[in-house]
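Visitor: I would like to go through this structure one question at a time. Please define the terms as they come up.

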Amino acid sequence: MKKIVGAVAAATVALAWSAAFAQSGTQKVKIGVISDLSGLYQDIGGPGTIVAAKLAAADYAKINPNLQVEIVAGDPQNKADIAAAIATKWFENEGVDAAVDGPNSAVALAVSQVAANKNKLFVVSGAATSDLTGSKCNANTIHWTYDTWMLANGTGRAVVKTGGDSWFFLTADYAFGHALERDTSAVVEANGGKVLGKVRLPLNTHDFSSALLHAQSSKAKIIGLANAGGDTINAIKQAAEFGIVKGGQNLAGLLVFSTDVKALGLQVAQGLVLTETWYWDLNDASRAWTKRYQEAMPGKIPTMVHAGVYASVLHYLKAVGELKSSSDGRAVAEKMKAIPTDDPLFGKGMIRVDGRKIHPAYLFEVKKPEESKYPGDFYKLRATIPAEEAFRPLKDGGCSLVRS
Amino acid sequence: MASATETITAPVTAASHRSELVAFAIMAAFFVVAPAFMYPIFLMKALCFALFACAFNLLIGYVGLLSFGHAMFFGWAAYFCAHMLKEWGLTPELSIILATVAAGGLGLVAGALAIRRQGIYFAMITLALAQMMFFFAVQAPFTHGEDGIQGVQRGKLLGLFDLSHEMTMYFFVLVVFLAAFLLIYRIIYSPFGEVLKAIRENETRAISLGYKTERYKLLAFILSAALAGLAGATKAVVFQLASLTDVHWTMSGEVVLMTLVGGLGTVFGPVVGAFIIIAMQSYLAEFGQWVTVIQGVIFVACVLLFRRGVIGEIAHFLKIRL
């Protein structure tokens, strides 16, 4: 009896094992959108990134109807370990060829690592850290939309050049804030500006009043917000209550999205200076795309993260179409770097050997309420940062893929 | 609580051990077969949290001390382990052992301060210490703040088994879990464990019987902290990263939830509770923000309808110990 039971148990295990490992080998392309579908970044990325990926698939189908594109989505809940688990499951068991987006830096670094281990592809849009194409770069990761170096450099340099030559920082007191403050200070000083002072505040600060009074009395022309998300929004709201902008000082948000501006309202956000690589009202092509986006997401303003997902998926599909295979992530990444990029939203550009996508960036100023003519009319363009200046020079990143 | 306590403190006989041994055999067999039909990474995560919940349960279930700062041991052991693997290039087994010892050391300091008070004050002191350690994790350069320690290589176990292979990793985690589980089981039913239960039931009486209860409580705290550290260190090897999530106070809350859902003061309850909560987080992820709502509803239902937890209720119904 015992022997029979043992044999049956062994057979069951063997069967189950073989069934579990038998699933592999599909010919179509499967893309996994890994984005914050429920938390604090869901307006910046979130469900809109799935829409953007689907639009890209639809547009590519017009060029090449033979490639079948399937899109799945996962929510890492902004936790790196959940992200790593989702990515591993996708790449190993579910035949996903490429992951796109990645809502924050920790999540993106985790997924990038998994993609390298499994030789798949990860195209980042939502995450900010420039380490993805710097010290932590790998041959399976491409960083599309923006990064911390570009934010610091773009806003810092352009603001100094347009007259904002004295700065005061309100900094979130952790690694991300310190990095933004340090990089922006360096850029400001290199361009002949001065940093008059700084106040460091803990993450999730609700009371900025003493810091803002400090900033006000420093008489700095620009108050730089080296923080993100809720901290930035709180700082901007309270700055409006203190009449900082009306008093002649300008706020420079180092990481602000158009959806944040929408949430704040122009009354509060007016005068804020910020850098983005894409804005829905930039030109006819972006307006036309926004119209299509809004058919699926009524009343929502797409951000540069959504645009980045659209453009990167489109470029990815072009590379896969030319290669006629999507299984080798490194090969697809090389192909993506080899062919020049061209899409309606970011225009013509290229992807560098370190995985950095190169395109222009724009310095915007948030309009006054009376200047805004229609819903979503938020920004006026203050300066365009040309593509070759917008991102960190290749040699400075410390990426191991760059041969010196 | 009273009736659940009765079942636990009933005299230990061979018959009452039998139900637990059978349950242990079923559990071990399930985990050996499980990777065939369940996703191994999910299982490894659940096992790590199950061990974490068991370690926590050792303190609340058997000494009656509600620590609200266990994330500091779990998360910091993960940081230690990831750092040792990545920056010092130590082997995985050495990293895990050293991280466990470090968590025990942290437990010695935190415990020495906290066990002087009871009830809500004890919980608040542990929470305060954990928040300090969280702040330290945010600020210290080697933890890399928001990004965490990423890209940790799993390495080779004893120089022989390549842990980058998913199944090798799984069985390593399983062995760690089962060994720690048996250790906890042994602690609970040792004379030392009996004294702990005596302290839980009536500390004054235990003192009057001549026991130095503070020493017992401190040792239990250190053991619980070290085992929580073992779980955290193992998790760091599995996911190849250590991040702020694991030291955040919500993690301390989650482990309370796991233990309560599974069954406070039962041997198997925390394991089942951890699986329920981790499965909810993994498989309900598509519902987005509803996950926390569902978690809340389950918590309320658990407290109102079956206060002994899943395993506690089953044990009560079958009149056995689990």
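Visitor: What distance separates the centres of domain 1 and domain 2 of chain A, taken over C-alpha atoms?

Guide: This is a predicted model, in which local features need pLDDT of at least 70, side-chain atom pairs count only at pLDDT 80 or more, and totals for chains, interfaces and linings use all residues. Residues are numbered from 1 along each chain as its sequence is written, and chains are lettered from A and ligands numbered from 1 in the order in which they are written. Domain 1 of chain A covers 29-146 + 282-359 and domain 2 covers 149-275 + 361-389, with bounds that come from an automatic or database domain assignment. Taken over C-alpha atoms, the centres of the two domains are separated by 28 Å.

Visitor: Which strands are at the edges of the five-stranded open sheet of chain A?

Guide: Helices (H or I, at least four residues) and strands (E, at least two) are DSSP runs, numbered from the N terminus. Two strands pair if DSSP finds at least two bridges between them. The sheet has parallel pairing in the order E2-E1-E3-E4-E5. Pairing on one side only are strand E2 (69-74) and strand E5 (141-143) of chain A.

Visitor: What angle does helix H12 of chain A make with E3(A)?

Guide: Axes are lines fitted to C-alpha atoms, for helices over the stretch in contact, and angles run from 0 to 180 degrees between N-to-C directions. Helix H3 (residues 80-93) of chain A lies across E1, E2 and E3, at about 175° to E1(A). Helix H12 (residues 304-323) of chain A lies across E1, E2, E3 and E4, and its angle to E3(A) is about 160°.

Visitor: Is Ala311(A) buried or exposed?

Guide: Ala311(A) lies in helix H12 of chain A and touches Trp144(A), Asp343(A), Leu345(A) and Phe346(A), not counting residues up to four places away in sequence. A residue is buried if 20 or more other C-beta atoms lie within 10 Å of its own, exposed if 12 or fewer, and partly exposed in between. With 29 C-beta neighbours inside 10 Å, Ala311(A) counts as buried.

Visitor: Why is strand E14 of chain A largely enclosed by the rest of the structure?

Guide: In E14(A), Ala361(A), Leu363(A) and Glu365(A) point one way, while Tyr362(A), Phe364(A) and Val366(A) point the other way. Strand E14 (residues 361-366) of chain A is largely enclosed because six of its six residues are buried.

Visitor: Which residue of E15(A) is the bridge partner of Glu365(A)?

Guide: E14(A) runs antiparallel to strand E10 (residues 273-276) of chain A, over four bridges, and Glu276(A) stands opposite Tyr362(A). Six bridges join E14(A) to strand E15 (residues 379-385) of chain A, also in an antiparallel arrangement. In E15(A), the partner of Glu365(A) is Lys380(A).

Visitor: Which element gives the most residues to the side of chain A that touches chain B?

Guide: Contact between the chains involves 28 residues of chain A and 25 of chain B. Helices H1 (2-21), H3, H4 (105-118) and H6 (175-190) of chain A each give two or more residues to the chain A side. With seven residues, the element giving the most is H3(A).

Visitor: Which residues touch the most other members of the largest nonpolar core?

Guide: A nonpolar core is a set of buried Ala, Val, Leu, Ile, Met, Phe, Trp, Tyr and Cys residues joined through C-beta atoms within 7 Å. The largest one has 241 residues, and helix H3 (residues 40-62) of chain B gives the largest share, 18 residues. Domain 1 and domain 2 of chain A both contribute, so this core lies between them. Touching the most other members are Leu51(B) and Cys81(B).

Methods
Two residues are in contact if their C-beta atoms, placed from the backbone, lie within 7 Å.
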